[in-house]
Structure formats: structure tokens, C-alpha cells
Amino acid sequence: MSVAVELRGICKAYGALTANRAVDLTVDVGTVHAIVGENGAGKSTLMRILAGVEVADAGTVRILGESPARPTAREAIRLGLGMVHQHFMLVEPFTVAENLVLGHELLRAGLLDLAAARKAVADVSAAWGLEVPADARVEDLSVGEKQRVEILRVLYQGARVLVLDEPTAVLSPAEVTRLLAMLRRFAASGRTVLIVTHKLDEVMAVADRVTVLRRGERVGDLVTMQTSPAELAHLMVGRPVPMPGNRPDPPDADPAIDESIAGSASGGSGASAGARPAILTLDGLGLVAGGRSALAGVSFKVGAGEIVGIAGVIGNGQSELLDVLGGLRAGATGTVQFGGSDRVNLLTLSVAERIRAGVAHVPEDRADRGLVADFTVAENLMLGKLREFGPWYALGRTAVRAHADAVLERFDVRPRDPEAQASTLSGGNAQKVVLGREITRSPRLLLCGQPTRGVDIGAVEAIHAQLRALRDAGVGIVLVSAELTELLALCDRILVMHRGRITGEFLAGEADLDRIGELMLGATAAPAAAGIGGPP
Amino acid sequence: MLAWPGGRSLGQAPGSAPRVGLVFDVGGRGDKSFNDAAFRGLMRVRDELHMPVEYIEPGEGADRESALRMLAAEGFSLVVGVGFIFTDDVNNVAVDYPHTAFACVDYALQTGPDGAVVPPPANVVALKFREEEGSYLVGALAGLSTKTHAVGFVGGMDIPLIRKFEAGYRAGVARTCPDCRMTAQYAGVTGAAFKDPGKGKELGLGQYGSGVDIIFHASGSTGLGVFEAARETGHLAIGVDSDQYDEAPGHILTSMVKGVDVSVYDVAKEVLDGHFSGGIRSLGLAEDGVAWVHDEHNAALLPTGAVAQVDALAEAIKRGEVTVPTTVEVPK
Amino acid sequence: MSPKLASLLDRLIAPALALALAMAIGHVLILVAGASPPEVFGALLAGTWGNGYGIAQVLFKATPLVFTGLAVAIPYRAGLFNIGAEGQVVAGALAAGFVGSHLPTAAPALVAVTTCVIAAFMAGALWGALPGWLRGRFGAHEVITSIMLNFIAMALANWVVADFLAQPQTLHTAAIVDGARLTRLGSWLPAFRGSAVNTALFLVPVVVAGTAWLLNRTATGHQLRSVGLGARVAEASGVPVARVQTLAMALGGGMAGMVGVNFVQGYKGYFEDGFSGGVGFMGIAVAMLARAEPWLLIPAALLFATLSQGGLAINALVPKEIVDVLVAVVLVVAAAAGARSARREEGS
């Protein structure tokens, strides 16, 4: 069998963060090859390097036996590689046929030959059973159909090697089944498929071989037939993870689980809130976003002076939870009681009212929600607290400056320059600015998303210390993080979210990394709802 | 780098011949009618009187006065504003430059609180035309020429100045064809009504569609649309201000020409000869201020004997035997 | 060099480049038109900065351009593109003309002037707030709605003036009372005699300073800029984004409305249909050249006013379209240079 893709010693670092460390990968022609790993394991980076979208710091790439002359996407396509991105690169108002020929329009007498394009859609579509209507506008298509258009385009461009980055994240179970069957057909026809995923049941169903990445390194390269979900999970997490039986698609709602969790959640917080009065009580929080259920029946309490961590694979509702609590997403059902004697349903308040009531928010995505890039540090530190600087018509420059100096000093932001443009700060310093702004609001509740994402090691400890100090000062904290170690280090309690539901709860000290990882990957919670111990 | 010379002033004339400056209204030039008639007059001044001339077409309304003022400040001997809209501007500038001669074509007379006409400043000549007289003649011709016994009128902006055209036209039609049906419409109520060929065509097609076979327009470049309608439907139209035969050959029955060019030329000549005097100048048939066109181009379109009949009416008006109304008595 | 000075210099590079290139291209165009560039540029300068009247006229024309520049710049700082200044100008001027002509003739000057100024500002503000509100309430894009509101304002003014307010034989409303009229500077400064430049000019530094203060020193300004530079961050910080954007559009509209002060109270003494002549659209050019920085609007407005007045002066030498092309070139180059330096800032 000849080799379709060969990567040797691929290294890639983003600042202090190493995404890939000397990764080797060999994929045979005519096979489906899965790349698995936890969030941040370096899967996407590796694929982007292969597709020429990113340039590796070191290492070599060969596609179908040839080395790209230049590390560009165009060159990778020329060599026969086609990438189906997680975010579709389609022109929404165009029809399928128009999208297909985009960039290499079929011309006849100088005019776009759409008839030929339509025929091409029909041909490719029929050959692979893709069933995409050539004349439909892309904006009218379902997500699954859009994905098929993406695949169709890659095939139309003559790709021999298809790379799919998390293709099933956006699909319904029926669409997933259909996609996997299609991938097998591609392999059978002599094409090669690389699929990036963290869903082990899909890997078992479709892949010939599996490569496992952990923290940027290749930790396993296995034949699917000779491995098991448990072994893969073990490799991904780094220690044994007990897996449930052969259940490719865990049920969305298992009443038994829900009851047990609800019971344990209220019981758990009851226990912990015995000493600490609850500052935040969620009851049956639900949210439908983009036609699917993003949050369902989420109920838990946060005590004053307690850090409650939310663990979960990205995209399981944690972001939505923070947005709903912060007031950035409307349409949630259920109630969110906040405060002590002055109890109020947070869902009825505007963002400004929440801030005044004592809610602070460190958003998950700093660039999107946290800092105005073109503002100075001082200006960013004024956001949401303008009243502190004097009458609205004459903000006191001295007060602004003093506040900025104080925050920069207390949170050790470098450079200590309030006039520095926020966009010039490193990730860690930018995060300290956001954290500083939010903490100096003197909140009663802090919503904190991914506090150390993209933050250098040195700053991580400082940020953690600030969060602990805040907790010790009696502030309730909801902490969402993709880093399990971070949650374990900081939290008094950890809740696990899967598909918009709380599927597990662990008290500090009782938390079991394996069990959490298992629940995050969608394992059934039945054997150990309380999260202590676990099946063999 | 560009060299910046020491600011030679605008149009500094070689020699000391008196210079003539003319300001069009915004977007006026190229209307093939009123403004272009003024331009022809200016060209004649240059070519026949050998006076240096300049003209300005302002980009915005507030520039009308500014343009007049610049010309006056440059020492032009005669400054002409083309159109009734210049009335206030000419008055303002003329007061500041008492030694410069000003002319305003279609100057709008204002009445004081006592109802008496306010005379223009002494150095302003108000060029006013008795358009109703020329309109009467083309109306008479239309009455003689119509086969459907229905004639039309398309005015530009609905103001008394244009109503004068309609009034004379109506009277002329009534003189030669008492039972003719008359349709009169206006393109709008703002200055834009003089620059809207699309609207002109719409009105023209409507009138021709209703049985009208001859339309007289007094609407600036809006009339070009009326001509278009005439050409498309095979009917006749009557031009205004200039001889507009060339705009739709074979479809222009005649034109009611207004001697804007002649009046500009005459005032310039007076300035050149040193006997300019301000005041209101009323120009009608007797002064050759207005006329109707009959030459080899449109001869074939005119009914037999029409020339003699219309000319006879013209003579009667000159002798004062026929009085042409200036306002429309709208029949209820 | 302090960073502030450096960034100011950086802002000045684009306009300077624009001007130099416009002159070079103008040079070629003038040659093509068969005239002598030194003569034309000389006449342009002589007719503007070369004499008292020219200077006064440049100031007179720059005044409304600063107002419409602000009308674009303020919403721009809040992340909105106000293409509706033209309509807001009409609304403000009509209000000034209407209110001014309905005041009692005995009204003291201070009261009459102030009333008309407020009327002009409020009418423009209301007309400007409309697209802001439509955006916040229905998500209608302000570029589309503000363009459409231009036509609506002009058509409404046209109708109201023609059918109700116009004096016989004219296109304008009744004269405003004497007390509401502003003094022409020519009555104090003989060099400015004849020019329509009036005391509305003194509003320019006041309004520009006020806007600069508002943007940089007030809570409202901070919120407004945060919305413009990072609406999602602002939202997360509790800034009522829709309300702030509506306010920015209202303020901008009010500034455009103030053009009426210069034209109605300072020049004609009445509202004349169709007077605005694109001054609202020129405001876009002024604001872009000044990169929406209040104080820089003044030199930008002076530049365009010079080109406009100078266009009259050279009208006899070259077709007036050449000046239009010069204006367009200044704009295109300024926009391109602005985009380039913005990219450079991002890259650093």
C-alpha cells in the first residue's frame, strides 16, 4: 500500500504554548485515519499544517509522495489535498453550483457556464450519493447539507486526500451515520480520509487506524480493530478511563441520570452551602440556540466564597451557560436567583443592572468580549464602572489614572503603562487587565471563563492566586475551563457538562480525574453519580 | 513640485476692453433652450463685439451670489445672471458694486408693502420678456394645425412666469380654434421641474395618449422628454426659448423663441458703447424679444396659409389691436 | 516624540499625501483640458486665500462642512456610518426657517437666535435618531435607512415649502425675524465685505471643542467609543449598545441640522428648497479625511471649502468637472492612506 500522507517531526509553537512536538504521522492510501485527542492536544494545528494553512516551525510534509514546493494552501490543493473546515467557507447567497465553481469558474465564450457547473454538481453528487440540490441557495440549506457542499467542492477540485476537522460536531445523529458511511465509500474508492474528532464511538465506527495526540505529542498509533475506546481514552487523558459498554450514541436524556444529578446537585450544594449561604441558585435553566438545545435543566447552587467549576468538552453548553448568566444571551428559561436578602432573578436584569447588583464577568473570549483592542489599558479598565470617575460630563483624569495604576500594580500587569494600547499586551497581561477590572468592581459573584487560555505559565499562577483570594474574600465564582488540572486546583466543587446538561458533580478532594474525563466524553453516569471511585 | 505663480487674477483682460461675465444657474448649461440661448448671446458678444467674456456655472445654490460677486470684484463691466432665481443675488451684489452694470434675465419684480413695484437698483437692467405674445402666436398656429382639435401644454415649475406662457398659448389657440380642447400640466413645483426629461416624457405620452396631437412646452430640459414622446408617438411638439427643431426634426412644429441671446448681446453692446442704463426692459414682439420660427425646416409641417395668418396676428399685437392675457383664467 | 504627537503626525500623513497626489493628478487633467496648471492653480489660490472676500467665502463654506463632518464623525466613532447628513441638514434648516419666521418680530436677538439654533439642532437630531433607532429596534442597516431618509427629507421639505410655506414667485419660506438673523462678519471686517460669512462661524470651535470633550472626557463619550471599537466588549460591560448608537446618530443629526444656522440665519434669512447642494454628502468626505477626529475636521473642511470656492474661480479656465475630480482624488487617496496606516497599526 502506498502512502498518502507523511508527516515527519512536525513542531509548532505559539509563543510559550507548544501545539505540536515532533509529531510523526503516516496514512496509507485508501484508508480512513482518525486523529483523536483532548481539547488543545494539537489535532487541528497538525491538520492545518498539513493543509498548508499554517507553517510548521520544523518538520516535513509529504502528500501522495510529493513535498509541497511552498507551505501554502494552494500548493496542498495542487498535490491533491482537500480540507473540509469546521467553519464552512461558502458564499451563502450563491447557489450550490455557483459555490462549487467559485475560484475556477467554468467559462464558455468568456461567460460563466452555469449549465456545466450544474452538470458537474449532478455528476459528483450522484457518484457519491451526496444528494445536494444544485440550484438551491446555500443559505437555505441545513448544516448537514452545507457540509456536503463543502465535501462536494473538495471532491470537485480533485482531492485524493480529504481532511475533515471535527465534521460531526454540528451534525444530528442521523447525519453523522450518513457522513461516516460516505467516508467509508471514499476510502473504498481509493481516496484517503483523515478525520479529526474526539468522539471515540465515531472513531471505532469509521477509522482503519487511529493516531492519538496528547499535549502536542503523538502518544499512540493504533489499528482500530486492535484497540478499544477505553484504551484510546486512556491514551488521550494519560491514565486509564473506564468506558461504558458498546454504546455508540449515548442517549440525550436518561431520566435516571437526571434525577440522580438533580438530587446530588441540590444535596451537594446543600451540604456545602450549609456553611456558606448560596449567592447563586440556578433552577431548571434551559436554552435553545440555533435550533438545538444548548442548555437543558441546569440546576445548581454557588455559595458565597465557593468556586464551582464547570468541566466539559468544548461545545457542550458551558459557553452558553456563562453568556446566559452574564446577560449576553437572551431567551433562557428557568430561574437564576442571585443575592442574599436582596434576591433577584438575574434573567430579568440587563447587563448593566447585573453589574450594579454585584456580578462580574471575565469572558471566555478576551478579544471578543473582554478588551477593546484599540483602547488604552486605562480606557479598558473604565469599562462598566464609569461612575467611579466623577460626574458623567467630566471624568476625572486623575481618578482614571489612579485606578489604572492601582490595578496594574496590584495585578502585576506589564508594562505598567496605562496608556499602552490593549492590543499590544501579551495574553497573560491582557487577562490580568480583564481580571483586574472585574475584581476591582468588588463583586459578589464572578463569572469566569477560561481564565488562563493563551496565558503564559508565569501568569497562570498569579491568576489562580487572585481567584483564590477572591474566593477567600467571600465571592462566589463560577469557573469554566477546558483545563481539568486548573479546575482541580481551584474548585471547591466541579460539575461536568455534557450536551447542555449537568452529568456529574464532584466535591474537591473527591474529584476523580478519570471519572470526570469519562463523563466529559459522554460516558454514562449511572455507576457513580457522586463521582467517587468508578467501575473497574 | 508645482510652481505657484503670484496669483494672476481671474481672466485679467489683455487691453482694457470692457469684459462681460455671465453666471448660469446650477446645472443650467446644456438645456438646449433658455440657458443655451444666453450662452449663444455671450458667444456673439465675444465674436462680434470682441469683448472678453467669461462664464461660471456654480456647483451649488449658495454659489450664485458668490459667482456674481467674484466677477464684479474682478472688474468685469457687465455681469449677467441667467434666470429669475438670480433676482435677489443680483440685487445684493449690485448694491455693493454701483459702478458695475448688471443684467438679470427674467428678473422677478417684487412688490413692496404698498403694492407698488420695487424698481431694481439703478445699475441693474431687468430683462423681462412678454412670453405671452410669442406663446399666443404658437398657440394660434397649434389651433390651425391640430387635426384632433386637442392641444396640450407642459410647463416646468408652476410659477407665474411659466403661467404667462400658458396664458398666451391658451388665448392663441382659442383665437384660431375656439372649440379645441386644451390640456395644461406642470412638471413640478421646484427648480428641478426644469431639468426632468423623464417627467417630461411621462406627461407628453399621457397627453398624446389622450388625443392631444400638439404640445407646447415651457419647461427647460424637461421639454426634451416631451420631444421624445412626440417622436415615439408620431406627434408634434412646439419648442421654447431657442429654435429647437434639431432636437426632434420633423416633429417640431415651431418654436417660441425668446430673444435671450439678443438681449444679452444688446446690453453688452450698450456697455461697450458707453450708454448702458438700468431699469426694467420689457421685450415683446415689437422689440423682437420674442418670435415664432418658420423657415425651410418646418415649412412642410405648416398648414397652407398659416404663416400669413399668424404673421397677421403678430402685426395686430404689435399695433395693440390684440391684447394678450398674462394670467390664466382657469375655467371652472 | 510623545506617542500623542506621533499619532497626530500619523493622522496628518494621509491628508498631506492626498493633497499632493490630487495636485499631481490635477496637473495632468488641467494639461489635458488645454490650460496651464500654474495659471489654474494660481487662480484657484488667488480666488480663495488671495483676498479678503475669498478667505471669507472659504470660511463661509467650511462652516457647514464642519457640521456635516461632525454629523458623520460622531456616529462613525460609535461604529455607524451616517449617510443621512443631507436629509438632516434639510430638516434642521427647514426647522430654523419655520421657527424663525414664526417668532414674534419683537423677540430679543438672544432669544430668537437661540430658539432657532435649538430648533435646527433638534430637527436634525430627530431625523438622525430615526435610523439609529431603526437599527437598534429592527436591525435595519443605518446606511440604507439614512440614505432613504435623505430622499424622504428632501421630498417632504419640497412639498411643505411648495404647498404651504413658499412666498409667491419663489422657492423659499417667509423671512425669519430680524432678531434671529446672525451678523455678517463683513459688517465688522471691511475685508470680508460681500461675503456671507457670519457669526455662525464662531459656533465651529465651540461645537468642535464640545464634541472633542464629549468623546474623550465624558462617560457618554467613553461608552460611545467603546461601542465603536468593540461593540461586543461594550455590551459585556453593560453599555446599552442600541441606545448609545441611537444617541450618536441623534447627535450627528443635530450637528447636520446646525447647517441651517449658517444658511438660514446667517445668509439667506429664509429656507430655500434645494439649497443643501450635497453639503451633507461632502461631510462624509470631510470626516473620512479627518479620520473622524473632531479637531482635524476643521482643516479638512477648509481644504474642501477651498476647492469648492476655488472651483468657481477657475471655472472660466477649465471645466468645473476638474474640481470635482480633484475632490474625488483627495478622497480616494485619503481613504487608501487611512486604510494603510490602520493596517500598520494593527500589525504592530
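**Figure 1. Open sheet of six strands in chain B.** In this predicted model, six strands of chain B form an open sheet with mixed pairing, in the order E9-E8-E10-E11-E12-E14. Strand E9 (181–188) and strand E14 (290–292) of chain B stand at the edges; each has a single partner strand, so one side of each is left without a neighbour in the sheet. On average, neighbouring strands of the sheet are turned by 15° against each other, direction ignored.

**Figure 2. Strand pairing and helix packing in the sheet of chain B.** Strand E10 (residues 214–218) and strand E11 (residues 236–241) of chain B run parallel and are joined by three bridges. B:Ile214 has B:Leu236 as its bridge partner in E11(B). Helix H6 (residues 197–209) of chain B packs on the sheet, where it touches strand E8 (150–157), E9 and E10 of chain B. The direction of H6 of chain B makes about 160° with that of E9(B).

**Figure 3. The two domains of chain B.** Chain B is divided into domain 1, covering 20–129 + 260–283, and domain 2, covering 131–257 + 302–318. The centres of domain 1 and domain 2 of chain B, taken over C-alpha atoms, are separated by 27 Å. Contacts link twelve residues of domain 1 of chain B with 13 residues of domain 2 of chain B. On the side of domain 1 of chain B that touches domain 2 of chain B, helix H1 (residues 34–48) of chain B gives the most, with three residues. By class, that side of domain 1 of chain B has six nonpolar, two polar and four charged residues.

**Figure 4. Interface of chain C with chain B.** Here 34 residues of chain C are in contact with 31 residues of chain B. At least two residues of the side of chain C that touches chain B come from each of helix H1 (3–32), helix H2 (37–46), helix H3 (52–77), helix H6 (142–165) and helix H12 (294–313) of chain C. H2(C) supplies the largest share of this side, eight residues. The residues of the side of chain C that touches chain B comprise 15 nonpolar, 14 polar and five charged.

**Figure 5. Interface of chain A with chain C.** Contacts are made between 25 residues of chain A and 16 residues of chain C. Helix H11 (351–357), helix H12 (366–370) and helix H13 (377–382) of chain A each supply at least two residues of the side of chain A that touches chain C. That side of chain A divides into 16 nonpolar, four polar and five charged residues.

**Figure 6. Packing of H7 and H12 in chain C.** Two packed helices are described by the angle between their axes and the distance between the axes. The axes of helix H7 (residues 203–217) of chain C and H12(C) cross at roughly 145° and come within 8 Å. From H7(C), the contact is made by C:Val204, C:Val208, C:Thr211, C:Ala212 and C:Leu215; from H12(C), by C:Pro294, C:Trp295, C:Leu297 and C:Ile298. By class, the contact of H7(C) with H12(C) has eight nonpolar residues, one polar residue and no charged residues.

**Figure 7. Helix H10 of chain A.** Helix H10 (residues 318–326) of chain A is mostly covered, with nine of its nine residues buried. Among the buried residues of H10(A) are A:Gln318, A:Ser319, A:Glu320 and A:Asp323, as well as A:Leu321, A:Leu322, A:Val324 and A:Leu325. A:Gly327 follows H10(A) and has a positive phi, near 90°.

Terms used: Residues numbered from 1 in each chain as written. Chains lettered and ligands numbered in written order. Predicted model: local features only at pLDDT ≥ 70, side-chain atom pairs only at ≥ 80, totals over all residues. Contact = placed C-beta atoms within 7 Å. Helix = DSSP H or I, 4+ residues; strand = E, 2+ residues; numbered from the N terminus. Nonpolar A, V, L, I, M, F, W, Y, C, P; charged D, E, K, R; others polar. Buried ≥ 20, exposed ≤ 12 C-beta atoms within 10 Å, placed from the backbone. Axes fitted to C-alpha atoms, helices over the stretch in contact; angles between N-to-C directions. Domains from an automatic or database assignment. Pairing = 2+ DSSP bridges.
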